[in-house]
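Here is a friendly note to read alongside the structure. Keep the model open and follow the points one at a time.

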Amino acid sequence: MSTPKHGPALDRVRALVGEVAKFGAVGGLGVLVNLGVFNLIRSTTDLQVVRASVIATVVAIATNYLGFRYFAYRDRAQSGRTRELALFVAFSVIGLVIENGVLYTATYGFGWDGKLETNAFKFVGIGVATVFRFWSYRTWVFKALPAPVSLVVGQRDGQAGGQSGTQGGGAPGAPAAPRTPEPAGK
């Protein structure tokens with residue numbers, strides 16, 4: 001049985017593209033929730049821009065957790081939910097600071113506080129924070145499960161082709177036990 005020349009690398013790229021697509025779907029919904037809540041608060045209350053943004057970001061974070069856990073990363077390890085949730089909240093808070101730091105700088109640093117400007121810089125802040133969130137969530141929060149062990153078929157350790165690589169009653173696919181030299185005279 002042969003594998004394509006670039007099989008493992010191509011498989012990793014395909015998996016990453018699929019992960020980015022799922023992350024993007026959940027994140028896209030989160031952006032809609034974030035901007036929707038932000039504009040709703042701004043149009044119905046007198047809250048300051050960044051405070052309204054922080055509230056909207058928190059609502060989007062809650063929505064995103066559900067989407068990431070039960071859609072984008074449902075195949076990832078699910079043990080240690082308390083640890084997972086604590087890490088998710090910690091990295092989300094860092095993302096919140098990044099996102100709203102951009103908006104704060106634009107609003108209070110440059111005086112760009114019109115409806116169009118605040119939405120544009122909120123969107124830019126979301127984009128910058130998304131890069132951080134993608135890296136941190138996939139690396140620390142929703143860790144990938146270890147790759148499954150596959151059976152090796154073919155020539156291995158000098159054995160004839162077609163044998164499964166077992167030696168001395170070992171399990172198929174398990175590494176062969178080290179060979180010990182036989183005593184002289186046998």
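1. Let's begin with two helices: H1 passes H4 in a right-handed crossing. A crossing is called right-handed if the near helix is turned clockwise from the far one by less than a right angle, and left-handed if anticlockwise. Helices (H or I, at least four residues) are DSSP runs, numbered from the N terminus. The contact (heavy atoms within 4.5 Å) involves, among others, Leu16, Phe23 and Phe38 of H1 and Phe123, Ile126 and Phe134 of H4. By class it has 10 nonpolar, 6 polar and 6 charged residues. Here Ala, Val, Leu, Ile, Met, Phe, Trp, Tyr, Cys and Pro count as nonpolar, Asp, Glu, Lys and Arg as charged, and the others, Gly among them, as polar.

2. A word on the source: this is a predicted model, in which local features need pLDDT of at least 70 and side-chain atom pairs count only at pLDDT 80 or more, while totals for chains, interfaces and linings use all residues. Residues are numbered from 1 along each chain as its sequence is written, and side-chain values use heavy atoms, with hydrogens and water left out.

3. At what angle do the axes of H1 and H4 cross? They cross at roughly 145 degrees and come within 10 Å. Axes are lines fitted to C-alpha atoms, for helices over the stretch in contact, and angles run from 0 to 180 degrees between N-to-C directions.

4. Now compare H2 and H4, whose axes come within 12 Å and cross at roughly 35 degrees. This crossing is right-handed too. Val49, Ser53, Thr57 and Phe68 of H2 meet Thr118, Lys122, Arg133 and Tyr137 of H4, a contact with 3 nonpolar, 3 polar and 2 charged residues.

5. Next, look for the largest pocket, with a volume of about 450 Å³. A pocket is an open set of points on a 1 Å grid over the protein atoms alone, where a 1.4 Å probe fits, with protein on both sides within 12 Å along at least five of seven lines; lining residues have an atom within 4 Å of a point. Grid points are joined across faces, edges and corners, and a volume is the space filled by probe spheres set on the points. H1 (residues 7–44) gives the largest share of the lining, 8 residues. The lining divides into 7 nonpolar, 1 polar and 7 charged residues.

6. The second largest pocket holds about 180 Å³ of space. Among its 16 lining residues, Gly27, Asn64, Ile126, Thr130 and Arg133 lie nearest its centre. H1 gives the most to this lining, with 6 residues. By class, the lining has 7 nonpolar, 7 polar and 2 charged residues.
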